[in-house]
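Below is a set of questions and answers on how a protein chain holds its ligands. The model is predicted.

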Amino acid sequence: VAKLIGSKPLSGQRVLVTAGGTVERIDPVRYITNDSSGKMGFAIAEVARDRGAEVTLVCGRTEAAPPNGVNVVHTDSALRMRDEVMRRLDGTDIVIKAAAVADYRPASRADQKIKKSSDSLTLELVRNPDILQEVGEWREARGSGPFIVGFAAETADVEKHALDKLARKKCDLIVANNVSEAGAGFGTETNIVSVYGRGDFFEHLPQMTKRAVAERLLDIVKDARKGLAN
Ligand code: CTP
Ligand code: CA
């Protein structure tokens, strides 16, 4: 039994992972999205599955098919992704938000294909809710809840922005990547990240496969949860 538990350290744990980019509709045939491939979130879901967790993967638009052996929930817009995440929080032990959520969506969605008319067209965008922040606020209001891991995609001042997001979104860890660096970020097979946590926790992971990043990240989560329990 000890050996089984040792090899499946997340057995009995519920892990919710978000992955991919959201899709914000303009009209029935057009939309706004981003370059997220979903690979980082998929790798995390796979490693959590391999460690025995019951994994739910809330996906936006992704390049490949999600891994087997996890519960997949397909979503499109940030608003729908928010609903699918929030309704599953109760009973979830770990939330990892690798999805690239659009910060803005079209103010209105046309029911019919928009016809061209004048020489220019202005698309009005409105702010989307911040799902990660809502998860943090949900936990704070409740006084208990999942361990929360957010991501941060940056092109400059990585540390400053990561620490700001850690505090503002009330999460336990922020995984920051400089998406302008070669070998990191959207669509690549590898990643280069820095993990920031409460109490000045910091660990830089040099370039490695997204699978290796996921493995190390889940080790860090395990240690941090142990620390919280003490
Ligand atoms: N996130 C979210 N909902 C949003 C925007 C972001 O849940 N509407 C989450 C992402 O899934 C990620 C983290 O917040 O885990 C950071 O995303 P990022 O785009 O780096 O940060 P923002 O707070 O959106 O700030 P900005 O884009 O201005 O840097
Ligand atoms: Ca953003």
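Reader: How many residues surround ligand 1?

Author: The closest residues include K97, L132 and F151. K165 and K169 also belong to the closest group. The shell divides into 8 nonpolar, 1 polar and 5 charged residues. The number of residues that surround ligand 1 is 14.

Reader: Which element gives the most to the shell around ligand 1?

Author: Two elements, α4 (131-142) and β9 (147-154), each give two or more residues to that shell. With 4 residues, the element that gives the most is β9.

Reader: Which residue has a backbone N or O atom 2.8 Å from a nitrogen atom of ligand 1?

Author: L132 has a polar backbone atom 2.8 Å from ligand 1, but the ligand atom there is an oxygen. F151 also faces an oxygen atom of ligand 1, with a backbone N or O atom at 2.9 Å. The contact to a nitrogen atom of ligand 1, at 2.8 Å, comes from P129.

Reader: How much of the accessible area of ligand 1 does the protein cover?

Author: Ligand 1 sits in the largest pocket. On its own, ligand 1 has 570 Å² of accessible area. The part of this area that the protein covers is 79%.

Reader: Where is the residue that coordinates the calcium ion (ligand 2) found?

Author: The calcium ion is coordinated at 2.4 to 2.5 Å by OD atoms of D103. D103 is found in the loop between β6 (94-97) and β7 (104-106).

How values were computed: Residues are numbered from 1 along each chain as its sequence is written. Chains are lettered from A and ligands numbered from 1 in the order in which they are written. This is a predicted model: local features need pLDDT of at least 70, side-chain atom pairs count only at pLDDT 80 or more; totals for chains, interfaces and linings use all residues. Side-chain values use heavy atoms; hydrogens and water are left out. A residue is near a molecule or strand if one of its heavy atoms lies within 4 Å of it. A polar contact is a pair of N or O atoms within 3.5 Å; within protein, one must be able to donate a hydrogen and the other to accept it, and residues adjacent in sequence count only if both atoms are side-chain atoms. Accessible areas come from the Shrake-Rupley method with a 1.4 Å probe; for residues, only the protein chains shown count as cover. On a 1 Å grid over the protein atoms alone, a cavity is a set of points where a 1.4 Å probe fits but cannot get out, and a pocket is an open set with protein on both sides within 12 Å along at least five of seven lines; lining residues have an atom within 4 Å of a point. A molecule sits in a cavity or pocket if more than half of its atoms lie within 2 Å of its grid points. Ala, Val, Leu, Ile, Met, Phe, Trp, Tyr, Cys and Pro count as nonpolar, Asp, Glu, Lys and Arg as charged, and the others, Gly among them, as polar. Donors are N, O and S atoms within 2.8 Å of the metal (3.2 Å for Na, K and Ca); water is not among the atoms, so sites may look incomplete.
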